[in-house]
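Open the model in your viewer and keep the sequence panel beside it. This tour tells you what to select at each stop and what to look for there.

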Amino acid sequence: MDMTIISTLPENIPIDLLLLADPSEHLISEYLTTGQCYAALHQGRIIGVVVTLLISPNTLAIKNLAVEEAFQGQGIGKQLITHVLELARQKNLSVEIGTGNSSIQQLALYQKCGFRMVSIDFDFFRRNYPEKIYENGIECRDMIRLRKDN
Ligand code: ACO
């Protein structure tokens, strides 16, 4: 499928896409103010996004990663992550990403991209979201943080 990845401004990213990865509009608007957005473009339309944020002098965090539902499972998420890893490698930065304990597909994808688990923020989701979240029949309670060093 023809697809290119471009650097773009936050206002160009459809909010529905960002909400797929993060249900909190408040958190999204926070990291969009200082984050960097990269979009997957297909036939002139944004179908995927990855948002990065420099969280320490040598660490880049992926704060949001989403692919429009109709285009999922075709390798676009992996290409967006690979794009960020390549930019980070050029700047000698490590990359961090966090996801819920119940996000089985995401945990598989990130490990296939070379990330390793480094810590667990217990009950992160109970503390930060008003309602309980369930995925794959599992309550999403803990934030699993993964890291890839260059
Ligand atoms: N077991 C093993 N591997 C799996 C499983 C599984 N159960 N499910 C998926 N995978 C693998 C696939 O096999 C594939 O790897 P492969 O290329 O080696 O076969 C990979 O995971 C999927 O890769 P892509 O097709 O590149 O993924 P996609 O384009 O669908 O993007 C994404 C993934 C971004 C998670 C997308 O599904 C999405 O937008 N989901 C909703 C939003 C979301 O959950 N975002 C992440 C939140 S965390 C954050 O934003 C920091």
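Buried means under 20% relative accessible area, exposed means over 50%, and partly exposed is in between (1.4 Å probe, protein chains only). This is a predicted model: local features need pLDDT of at least 70, side-chain atom pairs count only at pLDDT 80 or more, and totals for chains, interfaces and linings use all residues. Residues are numbered from 1 along each chain as its sequence is written, and side-chain values use heavy atoms, with hydrogens and water left out.

**Stop 1**

Select Glu86 and Arg89. They form a salt bridge, with the closest N and O atoms 2.9 Å apart. A salt bridge here is a side-chain nitrogen of Lys or Arg within 4 Å of a carboxyl oxygen of Asp or Glu. Both residues sit in helix 3, three residues apart, so about one helical turn separates them. Helices (H or I, at least four residues) and strands (E, at least two) are DSSP runs, numbered from the N terminus. Glu86 is partly exposed at 34% relative accessibility. Arg89 is partly exposed too, at 47%.

**Stop 2**

Now select Ile62, Ile76, Ile81, Tyr110 and Phe115. Of the 26 residues in the largest nonpolar core, these touch the most other members. Such a core is a set of buried Ala, Val, Leu, Ile, Met, Phe, Trp, Tyr and Cys residues joined through side-chain atoms within 4.5 Å. Helix 3 gives the most, with six residues.

Zoom in on Ile76. Beyond its neighbours within four places in sequence, Ile76 is in contact with Met1, Met3, Ala40, Ile47, Val67 and Phe71. Contact means heavy atoms within 4.5 Å. Another core, of 13 residues, lies apart from the largest one; Leu17, Tyr31, Ala39 and Ala66 are among its members.

**Stop 3: helix 4**

Select Leu107, Leu109 and Tyr110, the buried residues of helix 4. Look down the helix axis: they fall within an arc of 165°, so they line one face of the helix. The arc is that of the directions from the helix axis to the C-beta atoms. Gln105 and Lys112 are exposed on the face turned away. The buried residues pack against strand 4, helix 3, strand 5, strand 6 (116-121) and strand 9. After helix 4 comes Gly114, with a positive phi near 100°.

**Stop 4**

Select Ile28, Tyr31 and Leu32. These are the buried residues of helix 2. They fall within an arc of 110° seen down the axis, so they line one face of the helix. His26, Thr33 and Thr34 are exposed on the other side.

Which side chain makes a polar contact with that of Asp22? Select Tyr31: the distance is 2.9 Å. A polar contact is a pair of N or O atoms within 3.5 Å; within protein, one must be able to donate a hydrogen and the other to accept it, and residues adjacent in sequence count only if both atoms are side-chain atoms. Asp22 lies in the loop between helix 1 (15-21) and helix 2 (25-34). Asp22 is buried yet has no salt bridge; the nearest side chain of opposite charge, Lys63, is 7.5 Å away. For charge, Lys and Arg count as positive and Asp and Glu as negative, while His and the chain ends are not counted.

**Stop 5**

Select His42, in strand 2. It is buried, at 12% relative accessibility. Its side chain reaches the backbone oxygen of Asp2 at 2.8 Å. Step on to Gln43, in the loop between strand 2 and strand 3. Gln43 has a positive phi of about 50° although it is not a glycine. Most residues other than glycine have a negative phi. Gln43 is exposed, at 68%.

**Stop 6: bridges across the chain**

The salt bridge count comes to eight. Select Arg141 and Asp123, whose closest N and O atoms are 2.8 Å apart in a salt bridge. Next, select Arg126 and Glu139, which meet in a salt bridge at 2.9 Å, N to O. Arg126 is in helix 5 and Glu139 in strand 8, 13 residues apart. Finish on Glu96, Arg147 and Asp149, linked in a network of salt bridges.
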